[in-house]
Amino acid sequence: FKSGADQEEVEVKMEKTEAEAAFPPTFSVSEIKNKQRRHLMFMKLKQEKRKQKIQLKKKKKKEREALGDKAPPKEVPKTIENQRVYDETTVDPEDEEVRFDEGTDEFSAYFNGLTNPKVLITTSDRPRGRTVKFCEQLATVIPNAHVYYRRGLALKRIIPQCIARNFTYLMVINEDRKVPNGLVLCHLPDGPTAHFKVSSVRLRKEMKRRGKDPTEHFPEVILNNFSTRLGHSIGRLFAALFPQDPQFVGRQVATFHNQRDFIFFRFHRYIFKNEKKVGIQELGPRFTLKLRSLQKGTFDSKFGEYEWVLKRHEMDACRRKFQL
């Protein structure tokens, strides 16, 4: 005859032996040769790990609630961003040298209100439909932007014509295999010129749950994480594309978000649901930029002086060091 306590011990031992039989300590899913069975076992293990993680999370939450004010501070998760290698060129907005440079650089006339943006958007020779649509949608995002087709003209011949017609920017969208893959952004009349790789382009028709087409109101501009001297220059280059007096009635926002040297562009409209809640809906298009080079002056591929050029094998060796 066994007591209740003995009976419980026997049951616990039996459960342990069953678990060990199902998943021995040296068990490896890759050893299962049957593909379907291997997949099922992998999913089963994944679910069990997830359950254990949720249980541990709940346990920690209960412990924190029980301790109250005496609970230890939450651990900050380690990410590539918060472990970033310190850059000597990080900009301090209150630095006198930075302020002096801002007052004398190529964008000072725009930020002092002496010039208004006027953008010419063009393409590479013989663009395909997707690139043409991308240019047309960019023109609805950037106020006072005009789309003209290239027709075989060299950029060195286009730039003087743009300056004569008071354009402040020349934007060239390049393509490869019918897909937009490059962007040359030239600030006029004195430069600089930036060359970007373009990827992950999504046009408005390809986006789910998008809002109605944007209106002609001037959007607000948000620039995130442009912290180094190079990043500061690129941020000012993007800022000078848009007029300085956003029309808040339109409720439109253009965002350039820099993360790990990839610049994500998004265009949203925000909606007031009530006095406390605000929702946003994406209007499109969306795309990602990666800086390839920054050149002094206007576009000159042969004799131009480059301020910065991406050297992948040298600069991308450390994942925690960023240029922008």
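## Contacts and overall form

Among contacts in the chain with a separation of 6 or more, residues 24 or more positions apart account for 63%. The model under discussion is predicted. The chain contains eight helices and 11 strands. Its radius of gyration is 28 Å, well over the 20 Å that the globule rule gives for 324 residues, so the chain is more spread out than a compact globule. The C-alpha trace spans about 105 × 55 × 45 Å along the principal axes of the chain.

## Surface and charge

Buried residues make up 34% of the 324 residues of the chain.

## Helix 6 and its cover

Helix 6 comprises residues 155-164, and Leu155, Ile158, Ile159 and Cys162 are buried in this helix. These four residues lie on the same side of helix 6 because they cover an arc of only 105 degrees around the axis. In general, an α-helix has 3.6 residues a turn, so residues three or four places apart point the same way. Arg157 and Ala164, on the other side of helix 6, are exposed.

The cover over the buried residues of helix 6 includes strand 1 (119-123), strand 3 (169-176) and strand 4 (179-187). Just after helix 6, asparagine 166 adopts a positive phi of about 65 degrees.

## Positive phi in two loops

Lysine 178 is located in the loop between strand 3 and strand 4. Although lysine 178 is not a glycine, its phi is positive, at about 70 degrees.

Aspartate 261 occupies the loop between strand 7 (252-259) and strand 8 (262-272). Its phi is near 70 degrees, again a positive value in a residue other than glycine. Is aspartate 261 buried or exposed? Its relative accessibility is 9%, and the cut-off for a buried residue is under 20%; aspartate 261 therefore counts as buried.

## Cis peptide bonds

The peptide bond from glycine 191 to proline 192 is cis, with omega near 0 degrees. Proline 192 belongs to the loop between strand 4 and strand 5 (193-202).

A cis peptide bond also runs from glycine 284 to proline 285, where omega is near -5 degrees. The loop that holds proline 285 lies between strand 9 (278-282) and strand 10 (286-295).

Technical notes
Residues numbered from 1 in each chain as written. Predicted model: local features only at pLDDT ≥ 70, side-chain atom pairs only at ≥ 80, totals over all residues. Heavy atoms only, no water. Buried < 20%, exposed > 50% of the residue type's maximum accessible area, 1.4 Å probe, protein only. Arc of directions from axis to C-beta. Contact = heavy atoms within 4.5 Å. Rg over C-alpha atoms; globule rule 2.2 N^0.38 Å.
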